[in-house]
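Trainee: Could we go through this structure together, taking the domains, then the helices, and then a single side chain?

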Amino acid sequence: MALSLSFGPFSVHFMVLVLSILNTSIHASDPPLTLDYYSSTCPTVFDIVRKETECAVLSDPRSAALLVRLHFHDCFVQGCDGSVLLDDTVTLKGEKKASPNRHSLKGFDIIDGIKNMVESECPGVVSCADILTIAARDAVILVGGPYWDVPVGRKDSITAGYALAETNIPTANEGLVPIIAKFLYQGLSVTDMVALAGAHTIGVARCENFRDRIYGDFRATSGLNPISASYLSSLRSICPPIHGGENNITAMDNVTPNLFDNSFYHTLLKGEGLLNSDQEMYSSVLGIQTRELVKKYAADPLAFFQQFSDSMVKMGNITNLESFANGEVRKNCRFVNT
């Protein structure tokens, strides 16, 4: 992998070398996925998923962000194989209670409902991993985002990766370089990272995840703008400085929270990013490339939509060869087949 990006003393060449030594089995590649995988075995699958996703999003627009987040957290652990959907059992420790997932992942019931409808039409044919991937795309469209073709043919894993969930998934207070490293580990570029972060335009965050930001450098990045000061005051009223209110939530895009657009990047330009990990992309002294990408997507919504679409396909192609070799099509997305 040839990369010229460097951050002062931090060399991405070095990070890529280290990461390739640590693990080479999970990566964004060209798996055996095709657009017509279900054309003969379940030709109505895309229609079913779209209809059920539409019902969920119309009922609660926040469902769109829930589905995109589920897909992201699935793909960053063992590849996009539905492992995030597995419940704990006596013999299997799922990923749902891992620290990055425990309070942030919802929407499992939406996938259950879609799976039930698909099973009634095409029993034992469509994997939960494919359903989640298609639903994430449809959810984005339903709140104003772009369309992209979803290659399908994934298998559901028969294992979960609790430990990998603890280490692979970026967290709200991580610095820019560690987050870039986590994306490179998955075979995703810095451009992919900045574009995929744009999904936060429809997300919410818990007080626990933005407390350090609003009692840290928020004022420094947003300057003396009276509007920013008012916004910061509002955030602090939601999230106290020490303990309490951990589950209080607010939108990561406070301008158009239920619309998938490029407004998220404008919040970063103003220094008003809710999460440290997001604002770092624009404000960090190490963010030479990321800063330019933030400015690009803030200025050109079509460029953002195009790159987001491309990056979502690339992320959806993160594969785990073990799942392809030993995986299955689960009857119930929460449990391995017996």
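What follows is a set of questions and answers on this structure.

Mentor: This is a predicted model, in which local features need pLDDT of at least 70 and side-chain atom pairs count only at pLDDT 80 or more, while totals for chains, interfaces and linings use all residues. Residues are numbered from 1 along each chain as its sequence is written, and side-chain values use heavy atoms, with hydrogens and water left out.

Trainee: What area is buried between domain 1 and domain 2?

Mentor: The domain assignment gives domain 1 as 44-169 + 316-326 and domain 2 as 176-180 + 182-312, such bounds coming from an automatic or database assignment. In contact (heavy atoms within 4.5 Å) are 23 residues of domain 1 and 21 residues of domain 2. Taking buried area as the accessible area (1.4 Å probe) that two parts lose on being put together, summed over both, carbon and sulfur atoms give 66% of a total of about 1,900 Å².

Trainee: How many residue pairs are in polar contact between domain 1 and domain 2?

Mentor: A salt bridge needs a side-chain nitrogen of Lys or Arg within 4 Å of a carboxyl oxygen of Asp or Glu, and the count between domain 1 and domain 2 is 0. A polar contact is a pair of N or O atoms within 3.5 Å, where within protein one must be able to donate a hydrogen and the other to accept it, and residues adjacent in sequence count only if both atoms are side-chain atoms. With both residues at pLDDT 80 or more, the number of such residue pairs between the two domains is 6.

Trainee: Which helix gives the most residues to the side of domain 1 that touches domain 2?

Mentor: Helices here are DSSP runs (H or I, at least four residues), numbered from the N terminus. Both α3 (62-75) and α6 (162-168) supply at least two residues of that side. The most, 8 residues, come from α3.

Trainee: Why is α8 described as largely enclosed by the rest of the structure?

Mentor: Buried means under 20% relative accessible area (1.4 Å probe, protein chains only). The cover over the buried residues of α8 includes α7, α12, α13, α14 and α15 (301-316). The helix is called largely enclosed because its buried residues number 7 of the 8.

Note on methods:
Buried < 20%, exposed > 50% of the residue type's maximum accessible area, 1.4 Å probe, protein only.
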